[in-house]
Amino acid sequence: MPSTARANDTIAAVATPPGQGGIGIVRISGPLAARIGATVTGAELPRRRPALRNFVRRGESLDRGVALYFPGPGSFTGEDVVELQGHGGPMVLQMVLEAALTEGARLARPGEFTERAYVNGKLDLAQAEAVADLIASTSAAAARGAFRSLEGAFSTQVHALDERITRLRVYVEASIDFPDEEVEILASGQVAERIDRLVSSVRALLEQGRQGVLMNQGVNIALVGPPNSGKSSLLNRLTGEETAIVTDIPGTTRDLLKVDLVIDNLPLRLVDTAGLRETEDRVEVEGVRRARREAGRADLVLALNDLADSRADDVASAWPHALPVDNKIDLVGVAPGMDRSSTPARVRISCLTGAGIDSLKEAIKERVGFAGAESAFSARRRHLVALGQASEALETSRRRLEEGAAGEIVAEELRQAHLALGEITGQTAPDDLLGEIFSTFCIGK
C-alpha cells in the first residue's frame, strides 16, 4: 500500500496502449487533477461533462480533444480525475503527458490508478485483479468472467463466508468467557454443524474458483515426442492453420513454436517442440534441451507416439503430467478415441485425417479438470491457495472440536480461516502481496 506522501501525490500516465491510434488518453488523478486539467486546457473544466478544448503547454497548443473532469469520490480512483482524450499518436500523447507533469503531477507507477481505487474503497483486491484480467482476457468467456468478478460476483461469496466465520468466532469466543458453560456449548453439536456447513461452502467456492482460473489463465500444453511423431501436424490440426512446417525429414522443428487458441471456453497455449532423440547436431541438441525444459514447465504434456514406427520411443512415462497420444492410427488400422484400458489412459488419433481429435480435446479438458461450462467469475491461483488454506483451517477446527480441545484452540483455527479469506479481498493481505499484484498492471491502469 502506498505511503501517505505518495498517496497524496497527483499522478498522470498515458492510459491507452502504445502505438498509433485514432484516440489516445492521458489520465490524471489526485488533489491537483482539477487545477492541472484547467491549466492544460486553458479554463476550468465542468464537472462530469465533456469539454472540447485545446491542450496547451506554456502557451503552445499541442492537440485538440475532449477533456473530462470527475470529482472525487465519485470517480474510478475515488480522487479527482481528469482525462484528456486527444489523437492517439505516441509523440502527441507524450507532449500532453509532459504538460501534466510540468504542472505538478508525477508519472504513475504500473497499476497505481487501480491501486488507489482499492485503497480508497472503490474496489476490493479481487475486483482490482479482475480489472487486469478483463484487459488481458483472451476469449469472450474469460472477458465475461472477469467482468463478473469486477462487478463483485466472486467477492460477494467470499464476504458472505467471512461473515459466517466471524459470527461463529464470536459464538465460540463468547463461550470462553463462561468456563462453566464452555464444554456444554462446544459439545452441543451446533458448532460442529456450522463448521461442516462452512467447509462445504468453501469447497464449493473452491471448485468454482478452479474453473475460473482455467478460463482466466488457461493451460500451457507442451507437444513432445520423437521426431516425425506428428507434433507439428497436431499443432496444425488443432489450430486449423498451417502454423508449423511439416516434412518427413527428422528434426524439422528445432525451436519452440507457441500458439494460443481456445477450445470450448478453455484458453490453451500450445508449444511445439523439437523431436526427442540422441543427436550430435549442436542446434538440435539445444532444441531437445528446450523441449525437455518446456515439458517440465507445462501444465500438461501431450506425449505423441508414432504407432507406425515400432522403433520409436514412447516418452509419456518421462512426465507424470503427460497424456499419451498415439498418432497415425490410419496407417495401422486402430480405432480412434480414448483407450482407458491402459494406465494412464491413452488417446488414439490421426493427425492426417482428424480422427480422434474430438476425443483428444475432451481428454485435455478432463485431465486439467475443466467442466466445459462458462465459469461464474474469473479467479487467480492465489485465490485457490487462500481458499484451500481456509478449508484446511476449518477442517482442523472440526477435528479439534471432536478431540475435546479447549475453545481457544477451536477459535484460533477459525481465526486462521478468517485471515485466509481476507487475503482474497485484501482485508488481511500483506503490503508485499499488494505491491506484487499491482506491479503486474500496465501503466495508466
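Helices (H or I, at least four residues) and strands (E, at least two) are DSSP runs, numbered from the N terminus. Welcome to this predicted model, in which local features need pLDDT of at least 70, side-chain atom pairs count only at pLDDT 80 or more, and totals for chains, interfaces and linings use all residues. Residues are numbered from 1 along each chain as its sequence is written, and side-chain values use heavy atoms, with hydrogens and water left out.

**The sheet**
- Six strands form an open sheet with mixed pairing, in the order β3-β4-β5-β2-β1-β6; two strands count as paired if DSSP finds at least two bridges between them.
- Its edge strands are β3 (51–57) and β6 (106–107), each pairing on one side only.
- β3 and β4 run antiparallel, joined by seven bridges, and R57 has E60 in β4 as its bridge partner.

**Strand β5 and its neighbours**
- Because six of its eight residues are buried, β5 (residues 81–88) is largely enclosed by the rest of the structure; buried means under 20% relative accessible area, with exposed over 50% and partly exposed in between (1.4 Å probe, protein chains only).
- Strand β2 (residues 21–29) runs antiparallel to β5 and is joined to it by seven bridges, with G24 opposite G86.
- Strand β4 (residues 60–70) is also antiparallel to β5, through five bridges, and L68 has E83 as its bridge partner there.

**Helices across the sheet**
- Helix α2 (residues 33–41) lies across β2, β3, β4 and β5, at about 85° to β3; contact means heavy atoms within 4.5 Å.
- Helix α4 (residues 112–119) lies across β1 (11–14), β2 and β6, at about 135° to β1.
- For these angles, axes are lines fitted to C-alpha atoms, for helices over the stretch in contact, and angles run from 0 to 180 degrees between N-to-C directions.
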